[in-house]
Amino acid sequence: MVSKEFCGEMLTVGLNVQEMIEHFMDREDMFMKYFYKFFESADSVMLELTAAAENEDYQNMLFTAHSLKGLAGNIGLNGVFLPAKKIVDEIRAGDTSHCAEDFRQLQDAYYHAQEIAKRYKQSDK
(Lines give C-alpha, C1' and ligand atoms only; values in the text may rest on other atoms or scores of the structure.)
Protein backbone atom coordinates (compact mmCIF):
# COMPACT_ATOMS: atom_id res chain seq x y z
CA MET A 1 0.00 0.00 0.00
CA VAL A 2 1.29 3.45 -0.87
CA SER A 3 2.32 5.47 2.13
CA LYS A 4 0.68 8.67 3.32
CA GLU A 5 4.07 10.34 2.94
CA PHE A 6 4.28 9.40 -0.73
CA CYS A 7 0.73 10.60 -1.34
CA GLY A 8 1.46 13.88 0.45
CA GLU A 9 4.66 14.51 -1.48
CA MET A 10 2.99 13.76 -4.81
CA LEU A 11 0.26 16.30 -4.01
CA THR A 12 2.99 18.96 -4.08
CA VAL A 13 3.39 18.25 -7.81
CA GLY A 14 -0.32 18.03 -8.49
CA LEU A 15 -0.83 14.26 -8.34
CA ASN A 16 -3.66 12.91 -6.20
CA VAL A 17 -2.45 9.33 -5.86
CA GLN A 18 -5.60 7.92 -4.25
CA GLU A 19 -7.80 9.46 -6.93
CA MET A 20 -5.63 8.01 -9.68
CA ILE A 21 -5.61 4.55 -8.07
CA GLU A 22 -9.42 4.70 -8.22
CA HIS A 23 -9.12 5.75 -11.88
CA PHE A 24 -7.03 2.62 -12.45
CA MET A 25 -9.96 0.48 -11.22
CA ASP A 26 -8.61 0.45 -7.66
CA ARG A 27 -5.51 -1.36 -8.86
CA GLU A 28 -2.67 0.25 -6.94
CA ASP A 29 -0.16 -2.10 -8.57
CA MET A 30 -1.30 -1.07 -12.04
CA PHE A 31 -1.16 2.64 -11.21
CA MET A 32 2.31 2.35 -9.71
CA LYS A 33 3.52 0.39 -12.74
CA TYR A 34 2.38 3.16 -15.09
CA PHE A 35 3.55 5.87 -12.72
CA TYR A 36 7.13 4.55 -12.85
CA LYS A 37 6.90 3.85 -16.59
CA PHE A 38 5.90 7.50 -17.10
CA PHE A 39 9.42 8.64 -16.26
CA GLU A 40 10.99 6.03 -18.53
CA SER A 41 8.88 7.31 -21.43
CA ALA A 42 8.94 10.98 -20.55
CA ASP A 43 12.68 11.42 -19.93
CA SER A 44 13.56 11.59 -23.63
CA VAL A 45 10.59 13.88 -24.32
CA MET A 46 11.68 16.14 -21.50
CA LEU A 47 15.20 16.35 -22.94
CA GLU A 48 13.80 17.27 -26.36
CA LEU A 49 11.50 19.88 -24.81
CA THR A 50 14.41 21.36 -22.87
CA ALA A 51 16.50 21.68 -26.05
CA ALA A 52 13.57 23.24 -27.90
CA ALA A 53 12.96 25.73 -25.07
CA GLU A 54 16.64 26.69 -24.90
CA ASN A 55 16.66 27.30 -28.67
CA GLU A 56 13.27 29.03 -28.69
CA ASP A 57 12.17 26.44 -31.25
CA TYR A 58 8.45 26.89 -30.71
CA GLN A 59 7.33 24.29 -33.27
CA ASN A 60 9.36 21.61 -31.52
CA MET A 61 8.19 22.94 -28.15
CA LEU A 62 4.61 22.54 -29.35
CA PHE A 63 5.22 18.97 -30.47
CA THR A 64 7.13 17.83 -27.37
CA ALA A 65 4.92 19.69 -24.88
CA HIS A 66 1.91 18.03 -26.51
CA SER A 67 3.53 14.60 -26.08
CA LEU A 68 4.44 15.32 -22.47
CA LYS A 69 0.93 16.62 -21.80
CA GLY A 70 -0.53 13.31 -22.92
CA LEU A 71 1.89 11.23 -20.88
CA ALA A 72 1.37 13.31 -17.73
CA GLY A 73 -2.39 13.34 -18.21
CA ASN A 74 -2.48 9.55 -18.28
CA ILE A 75 -1.20 9.36 -14.70
CA GLY A 76 -2.80 12.57 -13.40
CA LEU A 77 0.47 14.47 -12.92
CA ASN A 78 -1.11 17.91 -13.10
CA GLY A 79 2.06 19.78 -12.13
CA VAL A 80 3.41 18.74 -15.53
CA PHE A 81 0.14 18.41 -17.46
CA LEU A 82 -1.18 21.94 -16.81
CA PRO A 83 1.94 23.93 -17.83
CA ALA A 84 2.42 21.61 -20.84
CA LYS A 85 -1.19 22.29 -21.87
CA LYS A 86 -0.63 26.01 -21.41
CA ILE A 87 2.48 25.91 -23.63
CA VAL A 88 0.56 24.02 -26.33
CA ASP A 89 -2.42 26.37 -26.16
CA GLU A 90 -0.28 29.52 -26.21
CA ILE A 91 1.90 28.44 -29.12
CA ARG A 92 -1.17 27.42 -31.11
CA ALA A 93 -2.63 30.87 -30.40
CA GLY A 94 0.59 32.52 -31.58
CA ASP A 95 1.56 33.85 -28.15
CA THR A 96 4.99 32.69 -27.02
CA SER A 97 5.54 35.41 -24.43
CA HIS A 98 4.96 33.09 -21.44
CA CYS A 99 6.54 29.91 -22.81
CA ALA A 100 9.82 30.27 -20.93
CA GLU A 101 8.02 30.84 -17.62
CA ASP A 102 5.59 27.96 -18.27
CA PHE A 103 8.49 25.70 -19.22
CA ARG A 104 10.34 26.49 -15.97
CA GLN A 105 7.21 25.61 -14.00
CA LEU A 106 6.82 22.36 -15.94
CA GLN A 107 10.52 21.53 -15.55
CA ASP A 108 10.45 22.16 -11.78
CA ALA A 109 7.40 19.93 -11.30
CA TYR A 110 8.78 17.19 -13.55
CA TYR A 111 12.15 16.91 -11.84
CA HIS A 112 10.63 17.21 -8.36
CA ALA A 113 8.17 14.40 -9.17
CA GLN A 114 10.99 12.33 -10.64
CA GLU A 115 13.09 12.79 -7.51
CA ILE A 116 10.16 11.69 -5.31
CA ALA A 117 9.54 8.67 -7.56
CA LYS A 118 13.18 7.60 -7.44
CA ARG A 119 13.29 7.88 -3.67
CA TYR A 120 10.15 5.82 -3.16
CA LYS A 121 11.02 3.26 -5.81
CA GLN A 122 14.33 2.59 -4.05
CA SER A 123 12.55 2.18 -0.71
CA ASP A 124 10.13 -0.33 -2.30
CA LYS A 125 12.98 -2.74 -3.08
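This is a predicted model: local features need pLDDT of at least 70, side-chain atom pairs count only at pLDDT 80 or more; totals for chains, interfaces and linings use all residues.
**Ground rules.** I number residues from 1 along each chain as its sequence is written, and side-chain values use heavy atoms, without hydrogens or water. Local features need pLDDT of at least 70 and side-chain atom pairs 80 or more, while totals for chains, interfaces and linings use all residues.

**Helix α4.** I took helices from DSSP (runs of H or I, at least four residues, numbered from the N terminus). The 18 residues of α4 (residues 58–75) should span 26 Å at 1.5 Å a residue, and the end C-alpha atoms are 26 Å apart, so the two agree; the expected span is 1.5 Å times one less than the number of residues. I listed its buried residues, among them Met-61, Leu-68 and Lys-69; buried means under 20% relative accessible area, exposed over 50%, partly exposed in between (1.4 Å probe, protein chains only). Next comes Gly-76, with a positive phi near 75°.

**Glu-90.** I found this residue in helix α5 (residues 78–92). Glu-90 is buried but has no salt bridge (a side-chain nitrogen of Lys or Arg within 4 Å of a carboxyl oxygen of Asp or Glu). Lys-86, the nearest side chain of opposite charge, is 4.0 Å away.

**Rings.** I counted 11 aromatic pairs, using rings of Phe, Tyr and Trp (its six-membered ring) with centres within 6.5 Å; planes under 30 degrees apart are stacked, over 60 edge-to-face, the rest tilted. Tyr-110 and Tyr-111 are edge-to-face because their planes stand at 90°, with centres 5.1 Å apart. Tyr-110 is buried at 0% relative accessible area, whereas Tyr-111 is partly exposed at 34%.

How values were computed: Helices (H or I, at least four residues) and strands (E, at least two) are DSSP runs, numbered from the N terminus. Lys and Arg count as positive and Asp and Glu as negative; His and the chain ends are not counted.
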